[in-house]
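Here are my notes for your first read-through. Keep the structure open and check each point as you go.

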Amino acid sequence: MSNALKNDIVETDIKDLTDLIKFSYEDGKVWFGEQRMLLMHVSAMAAFRRELLNSIGIERAKGFFLRLGYQAGIRDAELSRRLRPNSKDIDIYLTGPQLHSIKGMVKPNPIKIDIDQKTGHFYAEFEWINSWEVEVVQTELGQMDEPACWSLLGYACAFTSAFMGREIIFREVSCRGCGDERCLIVGKPAKVWEDHEEFSQYFKAEPIIEQLYSLQSQVNSLRSNLERQQGQYYGIGQSASYKEACMKIDKAAQGKVSVLLLGETGVGKEVIARSVHLRSKRAEQPFIAVNCAAIPQDLIEAELFGVEKGAFTGATQSRAGRFERADKGTIFLDEVVELTPRAQASLLRVLQEQELERVGGSQIHNVNVRVIAATNESLEQAVNNGKFRADLYYRLSVFPVKIPPLRDRIDDIPLLVEHFLQKFHDDYSKRTLGLSDKAWDYLSKYSWPGNIRELENVIERGVILTDSNETISVDSLFSSTIEQLQTNSEDHVYSNGAVVKTSEKEKDNWIDEILEREISLDAVEKILTESAMAKAKDNISKAARLLGVTRPALAYRLKKHGIIE
């Protein structure tokens, strides 16, 4: 049985594993599937291990390296299930030892493996040959008093536990690092080991670390509450361009001046508007948000300014409009450029006189409302085109603020992703392992034509398609994008050790890629529409000219694909 197992691990085709290794020289990155890897000198790890031992002692250093290996084992167990879904249990399990060998960590020779996933029975013995940790001990640190292969042991425990779906503990019963003839490990279910509870403590964070994290969390919470009280909360972001916009808005928040928010679709203008309201003296009063583009033009006056009974067919009773409901508070008019000429005249009167008349009525209603308007088109251009009143434009643009698009604040993406992951983990009652390194790399290079709203949708899609305790891949995030259709220039390493560059000819065959991937015409249309809107900076007329269609035709497609409401 021993020889058969050795043959399994040696002779099994590992091309499915080595094909995942890719070198991206241009980016300075090495990939294993969707996880970024590092090629490091063993001597550098030896120096790090020595420093850690001197700083925190053997027991805490041992726990650190056990947890380091444990994290790697969890990731590889997830990969093994994806890579060999239809293989025998033993072939799937041997992925772990094979990966350990491919990564240069150790050469595992199986002596005995007895697996029964249905009953949960597990027993295994491995001999470890050429352990990197033994080499470090023998050449750099000197012989130890106990087994030294800590990270390798953590890997074996994590990989096997994830594979079996129950806690499995490996112990190193002999180790060359402490003078034994060979490194030998034995794995059994945790409860079979008498000291399993004591050993399991190594896989938990040190109490002092937990205390530090707890204190840090409390400080962050107090700081966040203080910032909210001081009115400094304007959404999520620490990039220079975003902070500059927030600081500018903060200067106007305490007053009553009208604010005009400018920016592309999806940049978070309503979040900013709500924050201005919360920062102002009107914070305890109503905040009413209105999307002017979503209201039929023949009803927009009634919705904004109210209607008297009998004013038109269907007006069976008098009712207050949004401005009256926002009295003493704030009203947010999104896509204000879509207001009809009559509605613009009424809005101008509200801004100038703080009074209005309901549709079909003659009674004057006094209102005290702060107006925050927003648009993703140029109001100045709309004035020049005769679409928007010049006097209303000057009233609204007393304090204009440009909200930067997401592509200009890439540094904020990790904060936004963390926020959305937490939100959707709670919404869908699951906990993923977060984004793969490849996914993070992709997010930083993507142009984000839909801005924060698109990022939110992408993360929600990723959480939905990813099971708990698995990593969110690029394919789970994006259904189809231009970038995905382009063949990358990364080098591939095959099982024979050859490094092969992707064919340059393949990079030009993006049309063939679309057809081969069976990407629908609607998906291609959506990609082109989003790209045109991004290039035109959300100017629908300009985007329509780029695509060679009429503005109404493009507006229809934008609504069809959910790009605008």
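1. Start with Glu470. Its relative accessible area is 15%, so Glu470 counts as buried, the cut-off being under 20%. Keep in mind that this is a predicted model. Every value below is computed from that model.

2. Where does Glu470 sit? Look in the loop between helix 19 (451–465) and helix 20 (474–477). Now find Leu433. Glu470 and Leu433 are 37 residues apart in sequence. In space, their C-alpha atoms are 5.3 Å apart.

3. Which residues does Glu470 touch? Leave out residues up to four places away in sequence. The contacts are then Glu78, Arg81, Arg82, Thr432, Leu433 and Gly434. Leu433, the residue from the previous point, is on that list.

4. Next, the cysteines. How many disulfides does the structure hold? The count is 0. A disulfide is a covalent bond between the sulfur atoms of two cysteines. Take Cys175 as a test case. The closest cysteine sulfur to that of Cys175 belongs to Cys183, 4.0 Å away. That is too far for a bond, because a disulfide needs the two sulfur atoms within 2.5 Å.

5. Are Cys175 and Cys292 buried or exposed? Cys175 has 0% relative accessibility, so Cys175 counts as buried. Cys292 has 2%, so Cys292 counts as buried too.

6. Move to helix 5, residues 95–102. This helix is mostly covered, with 6 of its 8 residues buried. The buried ones are Thr95, Gly96, Pro97, Gln98, Leu99 and His100. Then look just after the helix. Gly104 has a positive phi there, about 80 degrees.

7. Last, a helix pair. Helix 23 covers residues 521–535, and helix 24 covers residues 540–547. Their axes lie 8 Å apart, and the packing angle is about 125 degrees. That angle makes helix 23 oblique to helix 24. The crossing of helix 23 past helix 24 is right-handed.

8. What meets at this contact? Helix 23 brings Leu528, Thr529, Ala532, Met533 and Lys535. Helix 24 brings Ile540, Ala543, Leu546 and Leu547. Sort the residues by class, and the contact has 7 nonpolar, 1 polar and 1 charged.

Terms used. Residues are numbered from 1 along each chain as its sequence is written. This is a predicted model: local features need pLDDT of at least 70, side-chain atom pairs count only at pLDDT 80 or more; totals for chains, interfaces and linings use all residues. Side-chain values use heavy atoms; hydrogens and water are left out. Axes are lines fitted to C-alpha atoms, for helices over the stretch in contact, and angles run from 0 to 180 degrees between N-to-C directions. Helices (H or I, at least four residues) and strands (E, at least two) are DSSP runs, numbered from the N terminus. Angles under 35 degrees count as roughly parallel, over 145 as roughly antiparallel, 65 to 115 as roughly perpendicular and the rest as oblique. A crossing is left-handed if the near helix is turned anticlockwise from the far one by less than a right angle, and right-handed if clockwise. Contact means heavy atoms within 4.5 Å. Ala, Val, Leu, Ile, Met, Phe, Trp, Tyr, Cys and Pro count as nonpolar, Asp, Glu, Lys and Arg as charged, and the others, Gly among them, as polar. Buried means under 20% relative accessible area, exposed over 50%, partly exposed in between (1.4 Å probe, protein chains only).
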